[in-house]
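Subject: Structure for you to look at

Hello,

Please find the structure below, with my notes after it. Keep it open while you read.

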Amino acid sequence: MSLEVPADLEKQIDERITHYPVSKRSAVLPVLHLLQHHFRFVNEEVIEWAAAKLELEPIKVLEVVSFYPGFRQSAPGKYHIRVCRTLSCAMAGSYELMDSLCEKTGIDRSGVDHHNPIAVSADGTYSIEFAECLASCGTGPVCMVEDDFYESVDDVDALLAKYS
Amino acid sequence: MSDLVDVQINGEWHQFPKGTRMIEACREVGAEVPHYCYHPKLTSPGNCRMCLVQMGMPPRPAPGAEPAQPDEDGHVPISWMPRPVIACANTVAPNMGIRTQGELTENVREGVMELMLANHPLDCPICDQAGECHLQEYSVEHGKGEGRFREQKVKKPKNVDVGPRIRLDDERCIMCSRCIRFMDEVADDPVLGFTDRGSHTTLAVYPGRELDSNYSLNTADLCPVGALTSNDFRFQMRVWFMKEINTIDTNCGTGANITVYARQGEIFRIKPRQNNSVNSDWMPDSHRLSFHWINDEETRLTSALAKDENGNHQVVTNENAYAIAAAKLSKYKGHEIAIIASARMTNEELFMVKRLAKHLKAKIVETVPRTGEADGYLISEDRNPNTLGVKTVLGLDDPGSQLESIKDDIKQGQIHALITLQEDLITDAGFTDDDLAGLDVLISSYPCANPTAERSDVVLPGGCWAEKSGTMLNIQGRLQRLNKVTDGPGTTEEPWEVIRNLQQALGGGNGIHSHTEIFNQLAETIPVFAGVKFQDIGDLGIPLVETDETLPLLEREKERVAQGLIVG
């Protein structure tokens with residue numbers, strides 16, 4: 001396996017596993033979060049590394065990764081945008097927000113489907129996907145860029161200007 | 001004895017041990033509870049929801065109220081819960097009521113069936129499972145007859161090669177997870193899992209991995225629908241055309257109980273048959289698929305052969321073959337004759353061998369040992385199905401130990417005639433052409449053409465395990481019945497008939513007309529079998545000889561039962 005996990009990350013992961021003394025399998029979610037935070041996504045290499053670490057069959061890790069949309073199985077851009085599409089935001093214009101974000105960032109979402117939710121701009125600067133409720137239904141449409149949260153988004157240019 | 005609790009099922013009161021699953025309690029009293037994911041040998045995740053039943057308990061009195069009084073039978077009236085519960089993962093409780101019939105259960109079953117069929121491709125006409133599919137059966141018994149789902153069905157992977165012997169159609173899968181649990185809990189090779197859980201839930205193996213365990217075909221048996229099918233059996237035969245015969249596996253000393261599915265003399269598939277004392281509910285793929293040679297008439301011996309004056313084999317009638325063999329053998333004294341029989345023979349056949357040896361006063365009677373590696377599950381180190389029978393019936397303490405001395409005796413001109421029954425000496429017993437060259441007479445009987453038969457003066461076609469009836473003793477000392485599935489090809493006879501006819505031609509012997517007659521003689525003459533009646537053996541066999549052999553898979557199953565993980 002060619003995956004290189006930095007020593008301090010591995011130390012952090014080992015420590016996290018000790019929080020689950022009964023079954024290492026229980027540590028799969030926190031471990032995956034740490035790995036995604038570092039590698040930006042969870043691909044086969046990462047899954048296999050986590051499986052070996054937790055003494056599981058890789059399929060048991062893939063089960064978890066493929067269940068949670070929060071785990072990305074393909075590489076995002078430098079700035080990953082998540083647009084809420086749940087009811088309140090959808091009614092407040094999240095689909096229009098998605099369209100204008102794609103237009104400004106030059107992202108083509110025609111290849112997106114259930115199994116490939118993320119679209120990346122040609123230069124790799126931005127990537128985008130729909131997310132389910134981001135817990136601010138009164139201030140739609142809302143979106144997240146990386147870990148930053150934005151409500152009532154109307155000025156797409158101003159938003160993107162912060163990330164370039 | 002464990003505590004018994006009173007439980008009312010469909011209006012009738014019964015008693016069950018504490019801890020009994022509701023579904024098992026219902027089954028015991030004949031109240032059918034439909035189910036998909038529940039399997040007594042596996043843990044119960046309770047995910048199919050098909051076994052929902054109505055449950056009730058004695059009412060809890062409101063504060064200050066008098067508790068309900070028992071009726072004249074001593075039972076407190078039951079207060080029924082408005083919502084159903086799953087019967088597979090809940091256990092019975094004192095004074096519990098269960099209804100497997102009625103409006104509530106009928107409604108929920110209709111609902112569950114409708115949801116299961118929402119994404120089902122309804123491709124029964126081309127599905128191998130049709131005819132033995134629980135989805136079909138429950139649709140008829142518990143379904144609505146129509147669905148209200150009008151939207152696009154979810155498309156899932158089809159015709160997926162998940163392993164060398166198993167094919168997956170994900171659209172037919174109802175997500176019961178039996179196969180996943182079997183591979184996790186029994187086969188210890190957890191390669192299966194659900195990915196994309198939700199409306200796209202897909203049964204999958206990890207990319208680059210395979211479902212290649214030697215127990216993988218059990219997942220196809222477990223699959224209640226046509227999602228997992230056997231590559232070997234796929235599209236070969238509709239299940240309703242086949243005849244089912246209960247018999248035992250003869251690939252090793254375990255003697256797994258099996259059902260053979262055959263049509264018009266041709267075997268199409270073999271499935272394990274539940275026997276909690278032998279093979280639980282499972283069998284290894286290698287044993288299950290080792291039947292194809294039986295159907296292959298190209299390699300089978302279909303008639304008796306005798307060498308003419310030029311040493312070429314000519315087809316002769318069985319009668320003539322016995323006469324020729326007898327004429328050749330009668331030239332020799334007993335101490336010039338050896339018999340090599342087989343531990344693949346039934347007790348009855350071995351008894352006939354013993355009788356023949358006595359008649360001929362043969363110098364040596366021997367069998368051929370066959371060993372391999374035990375797999376830690378169900379495959380035994382002993383690859384002969386009836387070694388214990390050889391020890392018990394023929395009285396050989398160490399089967400195979402005299403093979404070398406037979407070779408020496410032939411070389412030194414002490415043995416002139418050899419009869420070999422159901423063994424190919426050259427392929428399986430380490431004999432060479434040189435070893436056999438010293439013989440004046442070689443008589444052999446075997447199901448297939450083989451190098452030993454080529455060198456034999458007389459060849460008699462003897463049926464294989466599927467073409468004969470009798471009994472065998474497995475490594476645990478369990479007496480089990482082997483039942484004839486089909487007649488052998490051509491003039492093949494059952495091996496006990498071959499031996500009887502040969503002995504008759506030698507002028508020895510009253511007629512024996514059936515294998516059960518031989519069994520009766522066994523019971524009369526061999527102390528271990530004393531008092532055993534053939535009809536008492538039944539489909540599951542009976543323990544007869546004490547041995548200290550255990551089957552690792554069964555031991556682990558017992559542990560899981562003791563831990564309460566499975567029903568067993």
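Chain B is split into domain 1 (4-101) and domain 2 (304-552); domain bounds come from an automatic or database domain assignment. Taken over C-alpha atoms, the centres of domain 1 and domain 2 of chain B are 56 Å apart. Chain A is assigned domain 1 (7-67) and domain 2 (79-161), and the C-alpha centres of domain 1 of chain A and domain 2 of chain A are separated by 28 Å.

Before going on, note that this is a predicted model, in which local features need pLDDT of at least 70 and side-chain atom pairs count only at pLDDT 80 or more, while totals for chains, interfaces and linings use all residues. Residues are numbered from 1 along each chain as its sequence is written, and chains are lettered from A and ligands numbered from 1 in the order in which they are written.

Chain B as a whole

Along the principal axes, the C-alpha atoms of chain B fill a box of roughly 100 × 55 × 35 Å. Chain B has 18 helices and 24 strands; these are DSSP runs numbered from the N terminus, with helices being H or I of at least four residues and strands E of at least two. Of its 568 residues, 46% count as buried. A residue is buried if 20 or more other C-beta atoms lie within 10 Å of its own, exposed if 12 or fewer, and partly exposed in between, with C-beta atoms placed from the backbone. Among contacts in chain B with a separation of 6 or more, 69% are between residues 24 or more positions apart. Two residues are in contact if their C-beta atoms, placed from the backbone, lie within 7 Å.

Strand S19 of chain B

In strand S19 (residues 417-421) of chain B, five of five residues are buried. Ala417(B), Ile419(B) and Leu421(B) point one way from S19(B), and Leu418(B) and Thr420(B) point the other way. Strand S17 (residues 337-342) of chain B runs parallel to S19(B), joined by four bridges; strands pair if DSSP finds at least two bridges between them. Ile337(B) has Ala417(B) as its bridge partner in S19(B). Strand S20 (residues 441-446) of chain B is also parallel to S19(B), with five bridges, and Thr420(B) stands opposite Ser444(B) in S20(B).

The sheet in chain A

Five strands of chain A make an open, mixed sheet in the order S2-S3-S1-S4-S5. Strand S2 (119-120) and strand S5 (148-150) of chain A are at the edges with a single partner strand each, so one side of each has no neighbour in the sheet. Strand S4 (residues 143-145) of chain A is antiparallel to S5(A), with three bridges, and Cys143(A) stands opposite Tyr150(A).

Trp49 of chain A

Trp49(A) is in helix H3 (residues 44-54) of chain A. Trp49(A) counts as buried because it has 22 C-beta neighbours inside 10 Å. Trp49(A) and Leu3(A) are 46 residues apart in sequence, and 7.5 Å apart in space from C-alpha to C-alpha.

Where the chains meet

Ten residues of chain A are in contact with 13 residues of chain B. On the chain A side, helix H4 (residues 58-67) of chain A gives the largest share, seven residues.

Regards
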